[in-house]
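Hello,

Here is the structure I promised to pass on to you. My notes follow below it.

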Amino acid sequence: MTAKVPQKPAPKQDRKWNPADLGWDDFFASHARGVDPSLHCYGRIALETKKNSIVYSEFGEMTAILPAKWHYRATDNRNLPAVGDWVLLERDDPARIIEILPRKTLFSRKIKGKQTREQILAANVDIGFIVIGLDCNYNLRRIERYMMMTAASGAQPVLILNKKDLAADAEAKAQEVRRIFSAPVIVTCAQHSNDLAPMRELLKRGVTGVVIGSSGVGKSTLINTLAGEEIQHTQQVNPITHKGRHTTTRRELLLLPDHGLLIDTPGMRELQAWIGKETVHNTFADILELASECRFNDCRHLQEPGCAVRQAVENGRLDSDRLESYHDLLKEVQELHRRRHWKKEAGHRSRLKPEP
Ligand SMILES: Nc1nc2c(ncn2[C@@H]2O[C@H](COP(=O)(O)OP(=O)(O)OP(=O)(O)O)[C@@H](O)[C@H]2O)c(=O)[nH]1
Ligand SMILES: [Mg+2]
Ligand SMILES: [Zn+2]
């Protein structure tokens, strides 16, 4: 009689993916070069740790390192690989990343704190699911910021108003949001699979989404319900402050059973945009439309006479908070632009310094 050997699950490395299921399409194919598959392959970055990246490919899951020269050659964070990137790899153990394919879209923000640097959040995202909790998290100013971040990335925004079971006025809030923002709005209770049917519909085979929002709004819970199992850890919000506990700590690309892909992200504490003036204007399309009636083409809607935007605030057609936040965001963007310009100049100056 032979002893019963417990059946081991197949090692992750043995899972093979059809590149199309990982989001490979004509765009990436048009930028790829023919490679010898015994030496090289393309893969998609699913996770990054301090030491290495986890990459999915048609040859399975691989651990990949980024040769040190990348770090000293990179002039800014955009030159470094991020979750969602398609990369060319040298097949070895560990694999080595040798090239990043051009990106379709790129989610980024200003790094936390005083530094003027861009932080890359995710690459090649098709849909940005902006998750707002209908409890204490609901705030139009917050939604504006996430909308701008998504607009700047090039991905399509979709607004998820979650925790509808905790809000008596869920429908009224949904109407308000629909009136102001040009994006589909889905009202959900994250644990109710039926509520997520519109998300499932959007996340077709090979389509990549990202969930962004504050901590505790239910981003990981949405992913677990879509996955049909608990693939991400979740945690109750603080019962007094209703704030989340920053449960998710890393960005990770997850594969859903229906072939869509979804990137989970840590809740954001502060969201400073890394955008240009155009993105502000595009996000405030209602103000832009009113502005066409202003007497002066270059009206800033401050003190100018014949300003149709201020007029609209006076007669209640436009929310004064919204105009205020438009002005605040423009100011923020100008300040960012000024600091980036200054940094660039300072960079040039330091490079031009004569050798000692
Ligand atoms: N009542 C209710 N609770 C929800 C809903 N969605 C999520 N929750 C709960 O909210 C808590 C936080 O959910 P998470 O999914 O961990 O939130 P998260 O956005 O991933 O948070 P971070 O990982 O910290 O960014 C958990 O206790 C969830 O069960 C919902 O629609 N209704
Ligand atoms: Mg989470
Ligand atoms: Zn005006």
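How many helices and strands are there in the chain? There are 10 helices and 13 strands, where helices (H or I, at least four residues) and strands (E, at least two) are DSSP runs numbered from the N terminus. Please keep in mind that this is a predicted model, in which local features need pLDDT of at least 70, side-chain atom pairs count only at pLDDT 80 or more, and totals for chains, interfaces and linings use all residues. Residues are numbered from 1 along each chain as its sequence is written, chains are lettered from A and ligands numbered from 1 in the order in which they are written, and side-chain values use heavy atoms, with hydrogens and water left out.

Of the chain's 356 residues, 47% count as buried (under 20% relative accessible area, with a 1.4 Å probe and protein chains only). Among contacts (heavy atoms within 4.5 Å) with a separation of 6 or more, 66% are between residues 24 or more positions apart.

Ser220 belongs to helix α6 (residues 219-227) and Thr248 to the loop between α6 and β12 (252-255), so the pair ties together parts 28 residues apart in sequence. Both Ser220 and Thr248 are buried.

Ligand 1 is surrounded by 23 residues, and the closest are Asp165, Ser215, Lys219, Thr221 and Thr248 (a residue counts if one of its heavy atoms lies within 4 Å). The largest share of this shell, 3 residues, comes from α6. Oxygen atoms of ligand 1 also lie by the backbone: 2.9 Å from a polar atom of Ala190, 3.3 Å from an N or O atom of Gln235 and 2.9 Å from a polar atom of Gly267. The protein covers 90% of the 660 Å² of accessible area that ligand 1 has on its own (Shrake-Rupley method, 1.4 Å probe).

One more residue to look at is Asp85, in the loop between α2 (69-73) and β4 (86-90). Asp85 is buried, with a relative accessible area of 0%. The side chain of Asp85 makes a polar contact with that of Arg103 at 2.8 Å (a pair of N or O atoms within 3.5 Å; within protein, one must be able to donate a hydrogen and the other to accept it, and residues adjacent in sequence count only if both atoms are side-chain atoms).

Best wishes

How values were computed: Buried means under 20% relative accessible area, exposed over 50%, partly exposed in between (1.4 Å probe, protein chains only).
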